[in-house]
Amino acid sequence: MDLAFSGADGVIILVSYALVMLLIGYLSGRGKNLQNSLSDYFLAGKNLGIIALFFTLYATQYSGNTIVGYAPTAYRMGFGWLQSISFMTIIIAAYLLFAPRLYVISKRMNFVTPTDWIHYRFKSNPVTILAVILMLWGLGNYLLEQLVAIGQAVSGLTGGTIPYQFAVIAFVLVMLAYEWMGGMKAVAFTDVMQGVVLMLGIIVFLAGSLYLVGGNFGNVGAFIAENEPAKVGVPPMDAAVNWFSILILVGFGAAIYPHAVQRIYSAQSEKTLKKSLSRMAWMPPLTTGLVFVIGIIGIMMFPGLTSGESEQLVGMMANEIAGINAFYYWIMIIFFGGIVAAIVSTADSVLLSFSSMLSNDIYGRFVNPTATEHKKVMVGKVGGIIAVAALLWLAWNPPATLYEIFVLKFELLVQVAPAIILGLYWKRLSAKPVFWGMLIGALIAGLMTLTGFKTVFGIHGGVIGLLVNVSIAGVGSLFVTTSAKEESEAEEMTSLKVEA
Amino acid sequence: MENNEVREPIKKKWIWIGVVLIMLAIVPWYFPKGGEVTFVLGFPAWAFVSLMFSLVLCGYLSWLCATQWNIVEDLEEEEK
């Protein structure tokens with residue numbers, strides 16, 4: 001993004017953001033021995049109150065990419081991109097399927113990662129290992145995407161004053177530093193700052209762009225109908241099927257992201273959790289909804305951009321808005337800093353979750369189960385840094401072939417959903433069919449993406465994989481004979497008792 | 001007393017029938033393709049309808065979280 005409107009001013013704002021994040025990290029960790037407990041470091045002692053929990057859920061689900069990437073999509077797709085409101089909302093429905101019960105069990109058994117639940121429920125190393133691989137793969141790719149986005153946003157904001165690679169390294173170091181000091185607490189409290197800036201920024205951005213098109217959204221619709229009628233027409237049938245498919249893929253995929261599940265574990269109480277989710281349900285129209293409108297207004301402000309050019313839409317609009325007056329100029333700079341902050345806030349949650357899985361699920365479960373919690377936390381922290389270094393190397397030396405496997409996220413992650421969700425309610429669900437369902441579902445999803453068949457009749461490979469996965473797990477479990485003892489164990493595991 | 005009742009959303013079929021019906025209303029599969037597009041507040045009519053049902057989904061899910069979910073809350077709040 002080439003932003004003529006900023007430069008030195010942008011650098012000042014970015015440095016201020018970085019300093020605030022470091023300060024929050026320092027304050028979150030000061031005087032506490034977070035490193036001696038997995039739950040204190042990775043889950044903020046399972047004691048997040050309503051404000052921190054709400055904003056950390058928000059900042060985790062909505063990244064800077066939500067703005068920089070979704071506005072151009074609305075620009076290209078037209079009104080069909082309204083789907084971004086519903087697919088972000090349906091995540092709450094997916095949470096309602098499993099969060100209430102999983103919260104109770106996680107408190108009773110002191111879970112740290114989603115894998116803890118899977119291992120407890122199925123007692124099967126193959127299932128555990130496969131789930132860990134799928135989740136780490138999805139998380140790693142998600143982190144990679146955020147790291148690339150940080151560099152693009154920073155070099156865009158500063159008009160190239162801060163070069164791309166320097167920007168990434170500087171912000172990654174800031175992120176690692178505050179995360180090292182304060183763990184989940186630092187992540188959640190920085191999310192409050194990052195979330196507020198993002199929300200306010202979107203509203204001012206929309207106000208500015210509406211002002212520039214004469215203050216009347218009705219004109220925008222009429223303009224598009226006249227010049228690009230395809231963008232206002234009723235979507236064709238395959239687009240409608242695709243819309244349903246994405247509701248399933250994103251709904252289940254985003255709700256069972258490991259960092260999303262860990263936010264269920266981190267809640268101080270059931271009351272805090274349900275209040276946070278109840279408010280989260282209103283965020284899609286206020287976030288992706290407003291970004292959608294911004295993208296649509298962009299069609300009138302900059303008609304006829306090619307697909308590549310449209311990727312710069314947010315920067316181009318910000319330039320125009322910054323030109324209105326000094327107020328808008330400064331808000332745009334603060335907002336662009338906010339976009340960077342929002343990307344960092346998504347990346348930090350993903351990294352923390354990644355570290356917790358290295359620490360708890362791989363090192364603590366398979367390598368050195370007798371290690372002290374302090375040692376496990378350290379392994380997670382150092383492992384996280386190594387993972388970030390490896391991902392940065394990958395970002396700067398992208399493989400010439402098979403690049404697609406680094407794009408797979410939801411498609412693979414969603415395959416863990418049946419084990420997590422069905423396992424909560426169906427006592428007969430057993431390990432072997434779950435394993436084969438997960439493996440075959442992931443292979444179908446992965447192969448479809450790799451061979452270029454991302455969708456069939458509008459249905460995503462991840463959703464087809466998920467259907468096969470559920471069928472194998474479900475039908476297979478009907479054929480596996482479970483003893484009365486196993487069923488009563490499952491009954492016990494999934495019960496709603498508070499005490500173990 | 002209703003407050004002491006355990007309420008778990010997955011146990012209530014009507015909740016999920018509601019979610020599916022709202023989803024079916026959000027996705028504009030049922031609008032005739034082609035023809036003249038009418039506008040409501042700058043939105044094509046089909047998109048306006050879809051937007052309204054998207055907001056219904058937000059309100060419905062928000063309300064469900066607040067009222068249809070109560071498992072250990074009373075116990076936890078008592079302990080405080």
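Q: In this predicted model, in which loop of chain A is A:K123 found?
A: The model is predicted, and A:K123 belongs to chain A. The residue is found in the loop between helix 6 and helix 7 (125-157).

Q: Is A:K123 buried, exposed or partly exposed?
A: A residue is buried with 20 or more other C-beta atoms within 10 Å and exposed with 12 or fewer. A:K123 has 13 other C-beta atoms within 10 Å, and therefore counts as partly exposed.

Q: What is the phi of A:K123, a residue other than glycine?
A: Phi of A:K123 is positive, although the residue is not a glycine. The value is near 45 degrees.

Q: What is the phi of A:N110, and where is the residue placed?
A: A:N110 is placed in the loop between helix 5 and helix 6 (114-122) of chain A. With 13 other C-beta atoms within 10 Å, A:N110 is partly exposed. The residue is not a glycine, yet its phi is positive, at about 55 degrees.

Q: How are helix 8 and helix 15 of chain A oriented relative to each other?
A: Two packed helices are described by the angle between their axes and the distance between the axes. For helix 8 (residues 164-212) and helix 15 (residues 313-322) of chain A, the axes are 9 Å apart and the angle is about 75 degrees. Angles of 65 to 115 degrees count as roughly perpendicular. Helix 8 of chain A and helix 15 of chain A are therefore roughly perpendicular.

Q: Which residues of helix 15 of chain A make the contact with helix 8 of chain A?
A: Helix 8 of chain A takes part through A:F205, A:G208, A:S209 and A:L212. The residues of this contact divide into four nonpolar, two polar and one charged. On the side of helix 15 of chain A, the residues are A:M317, A:E320 and A:I321.

Q: Is A:A318 buried or exposed?
A: A:A318 lies in helix 15 of chain A. Its C-alpha atom is separated by 6.4 Å from that of A:M332, 14 residues apart along the chain. The threshold for burial is 20 or more other C-beta atoms within 10 Å. A:A318 has 29 such neighbours and so counts as buried.

Q: What distance separates the C-alpha atoms of A:G323 and A:G208?
A: A:G323 is in the loop between helix 15 and helix 16 (326-367) of chain A. With 14 C-beta neighbours inside 10 Å, A:G323 counts as partly exposed. A:G323 and A:G208 are 115 residues apart along the chain, and their C-alpha atoms are separated by 9.9 Å.

Q: Which residues have the most contacts inside the largest nonpolar core?
A: In soluble globular proteins, nonpolar side chains tend to be buried together. The largest nonpolar core here has 195 residues. Helix 16 of chain A gives the most to this core, with 19 residues. The residues with the most contacts inside the core are A:I150 and A:V340.

Q: Which residues does A:I150 contact, leaving aside its neighbours within four places in sequence?
A: A:I150 is one of the residues with the most contacts inside the largest nonpolar core. Beyond four places in sequence, its contacts are A:A167, A:V168, A:F171, A:V340, A:I343, A:V344 and A:A347.

Q: What is the radius of gyration of chain A?
A: Chain A contains 22 helices and two strands, and 59% of its 500 residues count as buried. Its C-alpha trace spans about 70 × 55 × 45 Å along the principal axes. A compact globule of 500 residues would have a radius of gyration near 23 Å, and chain A agrees with this, at 23 Å.

Q: What is the radius of gyration of chain B?
A: Chain B follows the pattern α-β-β-α-α along the sequence, and buried residues make up 29% of its 80 residues. The C-alpha atoms fill a box of roughly 60 × 25 × 15 Å along the principal axes. A compact globule of 80 residues would have a value near 12 Å, but chain B has 19 Å.

Q: Which helix of chain A supplies the largest share of the side that touches chain B?
A: In total, 40 residues of chain A are in contact with 38 residues of chain B. The residues on the chain A side divide into 29 nonpolar, seven polar and four charged. The largest share of that side, ten residues, comes from helix 5 of chain A.

Conventions
Residues numbered from 1 in each chain as written. Chains lettered and ligands numbered in written order. Helix = DSSP H or I, 4+ residues; strand = E, 2+ residues; numbered from the N terminus. Rg over C-alpha atoms; globule rule 2.2 N^0.38 Å. Contact = placed C-beta atoms within 7 Å. Nonpolar A, V, L, I, M, F, W, Y, C, P; charged D, E, K, R; others polar. Axes fitted to C-alpha atoms, helices over the stretch in contact; angles between N-to-C directions. Parallel < 35°, antiparallel > 145°, perpendicular 65-115°, else oblique. Core = buried A, V, L, I, M, F, W, Y, C linked by C-beta atoms within 7 Å.
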